[in-house]
Amino acid sequence: ILKAWDWNSDYLRQNRRTKSSGNYFLTRLSYLGDGFARLAFENHRQGKISKAELAEHLNIKARNLEKFESYIG
């Protein structure tokens, strides 16, 4: 049982260093869908919704909207 504990600890320690957490913006875009994200930005450009509303609809901080938009195809 002690050896199993050591192996598990080694495994967890090693994977903490090498494991990537992914890309937040691509994950967010995957959940929302490309069409929805484009439509939301288009409504913002047309003045139908504010920057704060856009950020709320996309569930992204307003300061990150430009970066998020760069991921839209």
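Me: How many residues apart are Arg45 and Glu42 in helix 3?

Reply: Arg45 and Glu42 lie three residues apart, about one turn of helix 3. An α-helix has 3.6 residues a turn, so residues three or four places apart point the same way. Helices here are DSSP runs of H or I with at least four residues, and strands are runs of E with at least two, numbered from the N terminus. This is a predicted model: local features need pLDDT of at least 70, side-chain atom pairs count only at pLDDT 80 or more, and totals for chains, interfaces and linings use all residues. Residues are numbered from 1 along each chain as its sequence is written, and side-chain values use heavy atoms, with hydrogens and water left out.

Me: What does Arg45 form with Glu42?

Reply: A salt bridge is a side-chain nitrogen of Lys or Arg within 4 Å of a carboxyl oxygen of Asp or Glu. Arg45 forms one with Glu42, and their closest N and O atoms are 3.6 Å apart.

Me: Which residue forms a salt bridge with Arg45, with the closest N and O atoms 2.7 Å apart?

Reply: That partner is Glu69. This pair links distant parts of the chain: Glu69 sits in helix 5, Arg45 in helix 3, 24 residues apart. Shared partners join Glu42, Arg45 and Glu69 into one network of salt bridges.

Me: How many salt bridges does the structure hold?

Reply: Three. One of them pairs Asp34 with Arg38, with the closest N and O atoms 2.6 Å apart. Asp34 and Arg38 are both in helix 3, four residues apart.

Me: Is a residue buried or exposed, and what are the cut-offs?

Reply: Buried means under 20% relative accessible area, exposed means over 50%, and partly exposed lies in between (1.4 Å probe, protein chains only). Asp34 is partly exposed at 29%. Arg38 is partly exposed at 41%.

Me: Which residues of helix 3 are buried?

Reply: Ala37, Ala40 and Phe41. They cover an arc of only 95° around the axis, which puts them on the same side of helix 3. The arc is taken from the directions that run from the helix axis to the C-beta atoms. The buried residues of helix 3 pack against helix 2 (24-32), helix 4 (51-58) and helix 5 (65-69). Contact means heavy atoms within 4.5 Å.

Me: Which residues are buried in helix 2?

Reply: Phe25, Arg28, Leu29 and Leu32. Their arc is only 100° around the axis, which puts them on the same side of helix 2. The face turned away from that buried side carries the exposed residues Ser30 and Tyr31. The buried residues of helix 2 pack against helix 3, helix 4 and helix 5.

Me: How many residues are in the largest nonpolar core?

Reply: A nonpolar core is a set of buried Ala, Val, Leu, Ile, Met, Phe, Trp, Tyr and Cys residues joined through side-chain atoms within 4.5 Å. The largest one has 14 residues, and those with the most contacts inside it include Phe41, Leu54 and Leu65. Helix 2, helix 3, helix 4 and helix 5 each give two or more residues to this core. Leu65 touches several residues, among them Phe41, Leu54 and Ile60, not counting residues up to four places away in sequence.

Me: Where is Asn59 found?

Reply: Asn59 is in the loop between helix 4 and helix 5. Its phi is near 60°, a positive value in a residue other than glycine.
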